[in-house]
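The following note sets out several points for a colleague who will examine the coordinates. Each point may be checked against the structure shown below.

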Amino acid sequence: MMPYLDHAATTPMLAEAITAVSRAMGQVGNPSSLHGAGRAARRSIEESRELLAASLGARPSEVILTAGGTESDNLAVKGIFWARRAADPRRRRVIASSIEHHAVMDAVEWLVEHEGADVTWLPVDAHGLVAPAALRAALARNPESVALVTVMWANNEVGTVQSINELAAVAHEYDVPMHTDAVQAVGAVPVDFAASGVDALTMTGHKLGGPPGAGALLLRRDIACVPLLHGGGQEREVRSGTLNVPGAVGLAVATSLAVERREVVAARVAALRDAIVDGVLAAVPDARLHGHPTARLPGIANLTFPGCEGDALLMLLDARGVECSTGSACSAGVAQPSHVLIALGATPAQARGSLRFSLGHDSTAADVDAAVAAIVPAVERARRAGLTSVVS
Amino acid sequence: MKILAAMSGGVDSAVAAARAVDAGHDVTGVHLALSAAPATLRHGARGCCTAEDAHDARRAADVLGIPFYIWDLAERFRADVIDDFVSEYAAGRTPNPCLRCNEKIKFTAVLDKALALGFDAVVTGHHARLVDGRLTRSVDPAKDQSYVLAVCTQRQLASAMFPLGDSTKTQVREEAAARGLAVADKPDSHDICFIADGDTRGFLARRLGAEDGPIVDAETGDVLGTHPGSFGFTVGQRRGLNLQRPTPGGDPRYVLSIRPVDNTVVVGSREMLEISQVRAEPVVWTAGVAPGERFTCSVQLRAHGMTSPTTVTVNGPVVTAVLDTPQVGVAAGQALVMYDGDTVLGSGTITAAQRTADVPA
């Protein structure tokens with residue numbers, strides 16, 4: 001099999017999830033219908049909701065099923081902003097980390113552009129950590145003006161894991177709700193919604209072995225959130241739309257299995273990640289690993305290869321069957337220097353020369369060996385091509 | 001061979017890539033992102049750098065079953081093509097950005113990167129032929145692009161493939177349809193790709209600022225009118241002068257030259273527009289070497305322009321061409337391309353043009 005090292009983009013579906021989704025696809029019934037088929041579908045939804053909630057330390061009534069991470073992020077950021085501002089017009093400020101995924105970052109920027117929002121981007125240290133003191137300072141400056149705080153649980157590019165409990169506690173010192181994008185965290189590190197103290201949490205299925213197009217926003221019942229989608233009033237009237245039964249079933253099965261197997265899989269994946277980092281650094285000594293040395297996801301290794309362009313490396317590795325990424329996948333396919341690496345202090349050239357290897361539940365030692373073997377000739381060639389996209 | 005196919009998202013480059021695949025090469029498709037802020041959708045038939053064009057290129061690569069990537073050359077394109085375009089106009093010359101793009105982007109930045117990354121050649125959808133390594137006109141005279149490729153050196157051409165030169169555009173479209181390529185009936189792109197609305201004058205005005213200046217008669221020195229910025233004009237242009245005073249004979253006036261220094265547009269009769277001697281530099285011997293110090297050939301002085309039998313004298317990097325038949329609409333900044341029949345001998349940028357009237361008999 002080809003060494004697939006892009007699990008942070010999407011990871012293979014678990015066999016159990018495929019079975020559950022396939023079975024659900026054979027059943028007719030709209031969960032909102034009142035007849036037998038509708039009730040059966042509703043039962044599947046509610047059982048999935050309960051399973052998902054139990055896996056994540058949430059109550060079933062806190063689960064809002066969505067079409068995935070981007071929707072959950074947009075719903076939380078915009079919906080909580082609108083609700084908080086409606087309750088008090090002074091609340092127009094969003095505090096967000098400077099390493100958010102585009103689904104949060106661009107939603108915040110949309111609020112700035114179209115809804116008169118202000119934004120405070122929280123800096124991160126060279127490892128990608130947000131200091132609780134920085135959040136406290138941003139809140140203390142004018143606490144009444146803050147609509148919400150949003151800081152991702154674990155970063156998708158470099159893998160740094162935040163002290164979310166501490167950050168949530170700081171937000172609550174000022175009675176400000178806190179959202180976290182936990183898309184990369186769920187199934188990789190322990191995630192307990194209630195214990196974390198956050199008020200809203202984004203998660204999605206396809207990063208942990210579930211089907212694409214199915215995710216959830218965990219939302220405390222006392223947090224008001226204005227819907228993005230209006231219609232039939234499903235999901236506490238926060239997210240209208242006919243419920244996706246196969247998606248919900250697959251999401252719940254995959255999440256529960258990923259959480260259940262987390263410790264064993266994470267230990268194995270972390271060992272493979274260390275092997276890939278050690279192997280690459282031994283072969284290319286001037287390569288540099290990004291992220292936190294310990295507070296990190298088990299599966300992500302983001303490295304800069306000086307003098308190379310990431311897109312050239314990616315192409316050369318792809319030609320040898322090694323599939324990885326230059327950071328976060330982008331619909332246009334154009335490599336922009338990563339805002340995450342820039343926030344960590346990288347230069348644009350360093351950011352352009354980075355590759356992300358991400359491992360997952362079915363990664364093997366053979367994948368690691370293939371990647372390490374392919375990287376040396378790829379770096380040699382990419383260095384010869386140099387930094388062509390940059391004007392000297 | 002390992003071949004890199006530059007795929008714009010148009011029908012030509014898609015069919016060129018397909019032919020390279022059919023020839024048994026190991027082909028990888030690359031779309032060049034030339035705009036830092038590409039529009040989502042194409043407007044009409046302009047350009048090749050919208051997200052929709054990238055999508056079309058990707059779909060063509062899917063159909064051909066080849067790997068596909070996007071290379072971001074926006075910064076290089078801005079510096080080497082767009083900034084050059086603006087500064088050439090600011091200097092009163094009329095640049096050809098397609099030619100500059102071939103010289104600096106496709107056959108330098110892209111070709112060098114491709115060769116460094118282990119490719120043997122770059123294939124493009126240009127309508128031109130390589131006959132024994134010599135750049136030659138396409139069999140479709142209406143679509144021939146040898147003029148904008150004449151900046152290429154032998155070294156560059158040695159790593160280039162133009163598989164469409166033996167086909168007409170109609171044949172290319174038919175082939176695309178037969179291959180199931182969705183771009184088969186996509187309109188031809190024309191005009192300048194980085195000026196999406198086609199308003200070159202507005203584009204230049206935003207960058208150079210528009211300042212009114214005089215329109216002056218070349219013979220009398222009289223001021224005949226006012227223009228909204230000299231850079232918006234091209235030598236040979238007749239429309240848009242809005243002159244109140246016609247010539248005594250009622251003949252139309254044409255732009256003869258542009259003087260950016262004093263923001264002046266000089267106009268005169270069609271006879272005064274006739275050029276019979278042209279200087280061009282620096283010369284690139286596309287076919288390898290100069291045919292001699294002094295030789296006869298035919299020259300083309302603008303894209304899709306007529307050719308004229310000419311005697312060329314070579315003096316180091318400078319060529320002087322004496323045209324057998326005078327030509328109009330010759331602008332500094334355009335390329336002088338020398339042909340032997342259909343074969344390109346070489347090219348240079350026009351730096352001076354002498355009017356027929358001023359050339360000593």
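**Notes on a predicted two-chain model**

1. In chain A, strand S8 and strand S9, the latter spanning residues 300–304, pair in the antiparallel sense over 3 bridges. Within this pairing, A:His290 stands opposite A:Asn302, a residue of S9(A). The model under review is a predicted one.

2. The S8–S9 pair belongs to an open sheet of chain A with 3 strands in the order S8-S9-S10, where the pairing is antiparallel. From one strand to the next, the twist averages 30°.

3. As to the contact between the chains, 21 residues of chain A and 17 residues of chain B take part. Chain A and chain B together bury about 1700 Å², and carbon and sulfur atoms account for 58% of this area.

4. Which residue of chain A forms a salt bridge with B:Asp72? The partner is A:Arg352, and the closest N and O atoms of the two residues are 3.3 Å apart. Across the interface of chain A and chain B, 3 salt bridges are found in total. Residue pairs in polar contact between the two chains number 5, counted where both residues have pLDDT 80 or more.

5. On the side of chain A that touches chain B, helix H10 (310–319) and helix H13 (365–385) of chain A each supply at least two residues. The largest share of that side comes from H10(A), which contributes 6 residues. By residue class, the side of chain A that touches chain B comprises 11 nonpolar, 4 polar and 6 charged residues.

6. A separate point concerns B:Arg129, a residue of strand S5 (residues 128–131) in chain B. Its side chain reaches the backbone oxygen of B:Arg137 at 2.8 Å. When residues up to four places away in sequence are not counted, B:Arg129 touches a run of residues comprising B:Arg134, B:Leu135, B:Thr136, B:Arg137, B:Ser138 and B:Val139, together with B:Gly165, B:Asp166 and B:Asp342.

Terms used: Residues numbered from 1 in each chain as written. Chains lettered and ligands numbered in written order. Predicted model: local features only at pLDDT ≥ 70, side-chain atom pairs only at ≥ 80, totals over all residues. Heavy atoms only, no water. Contact = heavy atoms within 4.5 Å. Buried area = accessible area lost by both parts, 1.4 Å probe. Salt bridge = Lys/Arg side-chain N within 4 Å of Asp/Glu carboxyl O. Polar contact = N/O pair within 3.5 Å; in protein donor to acceptor, adjacent residues only side chain to side chain. Helix = DSSP H or I, 4+ residues; strand = E, 2+ residues; numbered from the N terminus. Nonpolar A, V, L, I, M, F, W, Y, C, P; charged D, E, K, R; others polar. Pairing = 2+ DSSP bridges. Axes fitted to C-alpha atoms, helices over the stretch in contact; angles between N-to-C directions.
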